[in-house]
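Please examine the model below with its sequence at hand.

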Amino acid sequence: MLKQNKSVKAQQTNTKSQHWLLKVIVVFTVSAGIFFGINSIGSAATNATQTAATNTKAVNTTSNKEQATPVFAEYVKTATINQKIKTSGEIKPLLGVSLIPEASGKIEEIYVDVGDFVKKGQKLAQINDETQQAQYAQAKAALNVANAAIKMQEVTIESARSSLVSAKAAVEASESQLKNLTVTRKRLEKLFSEGAVSRQDVDDIITKYDNANAAHISAQTNVKRANDTIQTALVTLEMRKAELTQATANLNAVKVNLDKTIVDAPFDGVITARYDDPGANANLTKPLFDIEQNNPVKIIGTLIEKDLYQVVAGKTKVVITVDSVTGDFKGTIDKIYPSIDNISRTGKIEIHLNNSDNRLRSGMFAKIDVLITTHENSVVVPRDSLVKYENNYLAYVVEKQGDREIAIRRDVKVGIIEDDRAEILEGLKPGEVFISKGTEFVRENSPVSPNISGEKR
């Protein structure tokens with residue numbers, strides 16, 4: 001029992017010794033880690049201090065020579081620039097109509113379709129014309145009758161004139177015979193009073209005289225009758241001529257109605273819509289086709305009231321752009337409308353453009369640049385290359401100074417500003433190099449490293 005207690009105590013003593021040794025090892029390990037960590041931090045701090053000193057030395061060395069600022073530059077060039085007014089408008093056909101039939105009836109034929117180009121007077125459709133054809137034939141026959149009546153009346157007049165000539169000749173012959181018998185009668189009556197001739201001889205001459213006088217009166221009556229016949233015939237001839245005029249007018253009216261059964265093109269153009277097919281009934285209130293003349297086209301634009309007085313019809317140039325069509329179209333203002341809209345205070349201008357290639361179509365939206373003033377061979381630079389200050393402008397040019405290139409400030413006088421370009425009236429000369437981009441990073445006499453684009457001219 002005593003030995004067991006001694007054994008247990010011995011084991012407890014050994015366990016306490018092991019615990020104490022373990023604590024010593026842990027303390028030693030932590031102390032060593034702290035020691036080596038402090039040495040590492042010190043070494044890093046020393047290296048950082050050395051690096052900072054080196055960088056400071058480098059900066060001090062570089063500050064003695066200013067670095068050149070990289071910029072974009074161009075040569076000063078001349079170009080054409082315009083003072084312009086921007087507006088817009090809608091493209092419309094020069095001529096455009098909806099063709100409504102002028103005659104009712106069944107549509108027999110349609111000869112064109114949408115997209116077809118047609119010439120003025122070209123036949124587009126035929127409406128049934130049986131009734132009009134019958135009326136035309138009747139009117140033409142009536143005209144022929146009227147012409148025949150006139151010819152017959154002219155023959156009557158000629159016959160009456162021949163009768164008049166015969167009657168006048170008879171009057172002249174009877175007058176001559178009557179004069180001879182008058183002389184003979186007087187002579188015989190004198191001889192009878194002297195007893196030289198018988199009473200029978202006197203009576204015979206008296207009888208002959210009376211017959212000649214009657215013939216003379218009859219001849220005069222025939223002359224009057226012939227004149228009356230001629231006058232009546234002339235009046236009748238005028239009536240026949242009036243009938244001919246009426247028959248001609250009636251034929252023309254029927255011909256007009258007959259022509260109305262044909263739908264034809266009123267001008268050169270293109271068919272933009274077709275509303276019916278053969279067999280349908282033509283309606284006097286419904287269009288059969290839409291036709292437009294698209295060469296040239298017209299553009300109706302607007303200008304505010306004060307700008308209208310800066311343009312002149314037939315002289316002011318314009319440039320037209322359409323988003324859906326490549327390229328620009330150049331033209332002239334053809335018409336300035338005389339009235340001003342009392343609400344918008346704008347007036348209208350009209351521009352005609354050649355459209356032989358049919359690229360422009362009615363309904364398109366067009367942007368219009370109205371060129372008020374044009375300056376050629378002017379100094380022109382990008383607008384963004386200018387610096388604005390106190391309502392003035394300046395630019396920077398690049399000049400050589402020893403082995404360096406520096407930015408030199410130039411005060412400039414600006415003229416026309418067109419979109420992203422500006423006209424320079426004073427301050428820059430062709431051939432000089434100016435800073436086009438990067439002016440915000442330079443100052444007077446600062447060194448620059450220009451990247452020059454374009455060629456010197």
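The following paragraphs describe selected elements and contacts in turn.

This is a predicted model, in which local features need pLDDT of at least 70, side-chain atom pairs count only at pLDDT 80 or more, and totals for chains, interfaces and linings use all residues. Residues are numbered from 1 along each chain as its sequence is written, and side-chain values use heavy atoms, with hydrogens and water left out.

Helices (H or I, at least four residues) and strands (E, at least two) are DSSP runs, numbered from the N terminus. Helix α2 comprises the 64 residues 130–193; at 1.5 Å a residue it should span 94 Å, and its end C-alpha atoms are 93 Å apart, which agrees. The expected span is 1.5 Å times one less than the number of residues. Just after α2, Gly195 adopts a positive phi of about 85°.

Strands count as paired if DSSP finds at least two bridges between them. Strands β10 (residues 317–321) and β11 (residues 328–340) are antiparallel, with five bridges, and Val319 has Lys330 as its bridge partner in β11. Four bridges join β11 to the antiparallel strand β12 (residues 346–353), where Ile351 is the bridge partner of Ile333.

The structure holds 23 salt bridges, each a side-chain nitrogen of Lys or Arg within 4 Å of a carboxyl oxygen of Asp or Glu. In one of them, the closest N and O atoms of Asp419 and Lys84 are 3.0 Å apart. Asp419 lies in the loop between β16 (404–418) and β17 (421–426) and Lys84 in strand β2 (residues 77–99), so the pair ties together parts 335 residues apart in sequence. Glu418 forms a salt bridge with Arg421 at 2.8 Å.
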